Amino acid sequence: MNDILTAILLGIVEGVTEFLPVSSTGHLVLATELLGFDPQRWAVFNIAIQPGAILAIVVLYWRTFMAVLTGLMKREPNSVAFVRNLLIAFVPAAVLGFAFNSQIEALLESAKVVAWALIAGGIGILVIERLASPRQDGGIAGVTMGQSLKIGLVQCIAMIPGVSRSGATIMGAMALGIERRTAAEFSFFLALPTLTGATVLQMAKHHHEITADSLSLIGIGFVVSFVVALAVVKGFMALVTRHGFALFAWYRIVAGIAALAFLYR
């Protein structure tokens, strides 16, 4: 397949899946495996285009970020709590991601791990959707420090490709009693420091692999993932507010079974 078409395809996969509870990393790993791409060649690309999806959140929620920034300058309690909670949730992933970076990279080479994680995560979503009783609706600023830390610890499970960072954080928040929409937005905003940190770490580690040609492909993937993520996040919030996450759970289970059938054939 032409490199430009491959970059566009992987950009679409990243934009569609980054903020859905279906694992963007897992889908990128499966895409390279199922379509016959060289996983070593596209590994850095898959990491480098993540900021495109992150930028979509900044654009969609720019009013929220401006309000928080203004509030911080005035030392408003809600703005301080908003930033505090996200930083607390970010710390566990930052520590473990830095400490076990090599082991995490090794897991990214296993499509079978991704397939099994998709199935397990789907089952987990169905269980939490049935048992959780969200009652806290005070926005991100209303989340306690203890809850923020627990969400951050749950996020670390997503270092296993296929688990889904957004799925882990959203379901973890709902299990702690946080309302569905707030849980989703907490996950979106937590992605900014988490994915930015992961991208910077990986790009610094693999900078010698980046060439002028790969930079142009990364630029294409970045733009595509940004545009696609803009549309997906809007639709996602409307869908889960009304219907919950069961649809994504069943998708994960079916996709995981289909991937296993392909990989073990």
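Buried residues make up 48% of the 265 residues in the protein chain. Buried here means under 20% relative accessible area, with exposed over 50% and partly exposed in between (1.4 Å probe, protein chains only). This is a predicted model: local features need pLDDT of at least 70, side-chain atom pairs count only at pLDDT 80 or more, and totals for chains, interfaces and linings use all residues. Residues are numbered from 1 along each chain as its sequence is written, and side-chain values use heavy atoms, leaving out hydrogens and water.

The fold comes next. The protein chain has 13 helices and 0 strands. Helices (H or I, at least four residues) and strands (E, at least two) are DSSP runs, numbered from the N terminus. The radius of gyration is 18 Å, close to the 18 Å that the globule rule gives for 265 residues, so the chain is as compact as a globular protein of that length. That radius is taken over C-alpha atoms, and the rule is 2.2 Å times the number of residues to the power 0.38. Along its principal axes, the C-alpha trace spans about 50 × 40 × 35 Å.

Now to contacts (heavy atoms within 4.5 Å). Of those with a separation of 6 or more, 84% join residues 24 or more positions apart.

Helix α8 covers residues 111–131. From first C-alpha to last, α8 reaches 30 Å, close to the 30 Å expected at 1.5 Å a residue; the expected span is 1.5 Å times one less than the number of residues. Its buried residues include Val 114, Leu 118, Ile 125 and Glu 129. Among the elements covering the buried residues of α8 are α2 (24–34), α10 (165–175), α11 (180–205) and α13 (246–263).
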